[in-house]
Amino acid sequence: VTEPGWVDVEHYLTDVVVRPDPAHKRALTSAVEADMPAIEVAPNAGKLLRMLVQMSGARRVLEVGTLAGFSSIWMAQGLPDDGRIVTCEFLQKHADVARANVDAAGVGHKVDIRVGAALDTLPTLVGQESFDFVFIDADKENDSNYLDWAIRLGHPGTVIVVDNVIWDGAILEPERDEVNAPGIVAMLEKMGQDPRLDATAIQTVGSKGWDGFAIARVR
Ligand code: DHB
Ligand code: MG
């Protein structure tokens, strides 16, 4: 399904423009060694997240779906030294790998990993200082629930990014993936219709195949 040209071009762009540092490479290696799925964002997307965090001036980031902490490292690097990223991870094993990775990257003091189902963790964040930037990259079935929480835990101006909104085109053929595609579609429709949001969506190709991300801003 993946065109080799896309992957070669992505590797070129990563080497020449993105230039990941050793902490990013360590996170990828550790995930392979721990037999974790290689479903983290590509380095060019990770750096986009870091730049969006910086450009939005975010001080508090919420992430749903930590995995090995690859995107967490990128986003934490975009925060000021007293900034904070709260990242929700379902599996303790993944959280342990991520903890080691964010610490090794020198950003551990900014990263608060919460283990458990995000839908259990998110309600505990009500009443804390609100979040300026939210990255949703977990079980796609719950994408629209996570979007709801992002709005609730955000404020006017909060930037919300959702990964994997194309799902190899299955969003238009939901019978190909009856669990994930309908969740993604429900989230996209909500993003487009919710009067509290302004939103767009971008398709991408590369090492992660045909996919994309959606970006919304809370009005
Ligand atoms: C899968 C999940 C992701 O978040 C991703 O970016 C790619 C694949 C998956 O569950 O297969
Ligand atoms: Mg993803």
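1. Ile39 places a backbone N or O atom 3.2 Å from an oxygen atom of ligand 1, a polar contact (a pair of N or O atoms within 3.5 Å). The model is predicted, so to speak of local features takes pLDDT of at least 70 and side-chain atom pairs count only at pLDDT 80 or more, while totals for chains, interfaces and linings use all residues. Residues are numbered from 1 along each chain as written, ligands are numbered from 1 in the order written, and side-chain values use heavy atoms, without hydrogens and water.

2. Side chains reach ligand 1 as well. An N or O atom in the side chain of Asp137 is 2.7 Å from an oxygen atom of the ligand, and a polar side-chain atom of Lys140 lies 2.9 Å from a ligand oxygen. Of the 290 Å² of accessible area that ligand 1 has on its own, the protein covers 66% (Shrake-Rupley method, 1.4 Å probe).

3. Now to the sheet. Seven strands make an open, mixed sheet in the order E3-E2-E1-E4-E5-E7-E6; strands are DSSP runs of E, at least two residues, numbered from the N terminus, and two of them pair if DSSP finds at least two bridges between them. At the edges are E3 (111–115) and E6 (197–206), each pairing on one side only.

4. Within that sheet, E1 (residues 60–64) and E2 (residues 84–89) pair in the parallel sense over five bridges. One bridge links Leu62 to its partner Val86 in E2.

Definitions and conventions. A polar contact is a pair of N or O atoms within 3.5 Å; within protein, one must be able to donate a hydrogen and the other to accept it, and residues adjacent in sequence count only if both atoms are side-chain atoms. Helices (H or I, at least four residues) and strands (E, at least two) are DSSP runs, numbered from the N terminus.
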